[in-house]
Amino acid sequence: MSRIANPGGSLHNRAVTDAREQVRELAWAAGFDLVGFAPLRRPRGAERLLEWLAAGRQAGMGWLRDQAPDTLAPERLLPGGRSLVMLGLGHSRDAFRLADGSRVARYAAGRDYHNVIGRKLIRLGKQMARAGLVKRWRKFADAGPLLERSHAAEAGLGYESKAANLLHPRFGPWYFLAELLVDAEFEPEAATNAVSCGSCTACIDACPTQAIGPDGVVDARACISYHTIESREPVPRELRAGLGAWVFGCDVCSEVCPWGARAPSLAERFGTHAALAQAHAADWLQLTEPEFAQRFEGSALRRAGAAGLARNAAHALGSLEPDERDRAALLSALDAHASELVRTAAAWALARRYRDDRGTLAALERAAAREPVDAARDDMRENFSSPGVAT
Ligand code: SF4
Ligand code: SF4
């Protein structure tokens, strides 16, 4: 069963009784909060994954299908591997907003968790090897082919929720998962039954884009997190209003989850990345690739890419209160951005928020007339196809 680290408390003082206890002690010393063990074998959620893929719910994440052979047989990732050491690390529960009110998912607002957790995994793997607990190990943290939540649930780290989160009694949905594949056998322990969704449907009801089906399965094609992080395509028009002020990721289904309400704040654990402190979404509309790479070095937001983040920023500005600085920044992006993704998003935001301004309307018409990309031009013209605001 997973345990919560209690630095300075009795957990760290008790005698080490077996190999699992030794791993736990080392994991806590490396900074992890939760530790559990699962066999390195086909995940319990395999059939569900196959159904999800067959239904196309992975949207543009084709790599999920490509890597399915490894996902379904994770022992291929470490020949001779026997077990998974599943690890959890709490992150901030506090809502994060940029200076203009636009939003970034909590887990991404600080230092890039891939780097932070990766270092902890290396430390843990080396120490386990030094202690003679394993000979070979391999690390993963929110990247790679493993069906993390399924393995973590089997290891007792939490409950697989209707919102595709893993819920823990103390951390709710606010924690990262990571794992070591190891060549030693660690006997799994009974999973916790302390958490479940029961008849709750709060996340399903609150999702701004209705991405969670009544069956409790998230469809990436409608999910804000997918569209603002992974997708390099225009966001479907029918979803844009639902994006709200989210520039990167979306926390709505976690925010409404009752299991997260009493989680510790942990806002200081990953801090706030310098690129996000005092930033406005409008600042990110015109970054060149080198500027973007430099500014977001060490931030999870790099995943979106310069054009993707600018697209997201434009959409978010279409949901914020009108502001002259934002209007000017959107007009500039509409006029001069190299990516049609961004020009299209800027046009949508301007049409939604500023179409009562005659100068803005004229700029939108000129932009549509000169737009060289057919799909982008069609999209811009749809902003005028119905009375009232763009949707
Ligand atoms: S992350 Fe946002 S859009 Fe995706 S399922 Fe949750 S609430 Fe819906
Ligand atoms: S909001 Fe309710 S249904 Fe959704 S994950 Fe939390 S407990 Fe489960």
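Q: Why are α16 and α17 called roughly antiparallel to each other?
A: Helix α16 (residues 358–370) and helix α17 (residues 374–382) pack at an angle of about 150°. Angles under 35 degrees count as roughly parallel, over 145 as roughly antiparallel, 65 to 115 as roughly perpendicular and the rest as oblique. The pair is therefore roughly antiparallel. This is a predicted model, where local features need pLDDT of at least 70, side-chain atom pairs count only at pLDDT 80 or more, and totals for chains, interfaces and linings use all residues. Residues are numbered from 1 along each chain as its sequence is written, while chains are lettered from A and ligands numbered from 1 in the order in which they are written.

Q: What makes α13 and α14 oblique instead?
A: Helix α13 (residues 305–317) and helix α14 (residues 324–336) pack at about 140°, with axes 11 Å apart. Here axes are lines fitted to C-alpha atoms, for helices over the stretch in contact, and angles run from 0 to 180 degrees between N-to-C directions. That value puts α13 and α14 in the oblique class, therefore.

Q: Which way does α13 cross α14?
A: The crossing is left-handed, meaning that the near helix is turned anticlockwise from the far one by less than a right angle (clockwise would be right-handed). α16 passes α17 in a left-handed crossing too.

Q: Which residues make the contact between α16 and α17?
A: Leu364, Ala367 and Ala368 of α16 meet Arg377, Met380 and Arg381 of α17, where contact means C-beta atoms, placed from the backbone, within 7 Å. By class that gives 4 nonpolar, no polar and 2 charged.

Q: And what meets what in α13 and α14?
A: Ala310, Ala314 and Leu317 in α13 meet Asp326, Leu330 and Ala333 in α14. The tally is 5 nonpolar, no polar and 1 charged.

Q: How do you know which residues of the shell around ligand 1 count as nonpolar?
A: Ala, Val, Leu, Ile, Met, Phe, Trp, Tyr, Cys and Pro count as nonpolar, Asp, Glu, Lys and Arg as charged, and the others, Gly among them, as polar. The residues around ligand 1 include Cys207, Thr209, Ser225 and Cys250, and the shell comes out as 10 nonpolar, 2 polar and no charged.

Q: What makes a residue part of the shell around ligand 2?
A: Its C-beta atom, placed from the backbone, has to lie within 6 Å. Of the 13 residues there, Ser161, Cys197, Cys200, Cys203 and Cys257 come nearest. The shell holds 9 nonpolar, 3 polar and 1 charged.

Conventions
Helix = DSSP H or I, 4+ residues; strand = E, 2+ residues; numbered from the N terminus. Contact = placed C-beta atoms within 7 Å.
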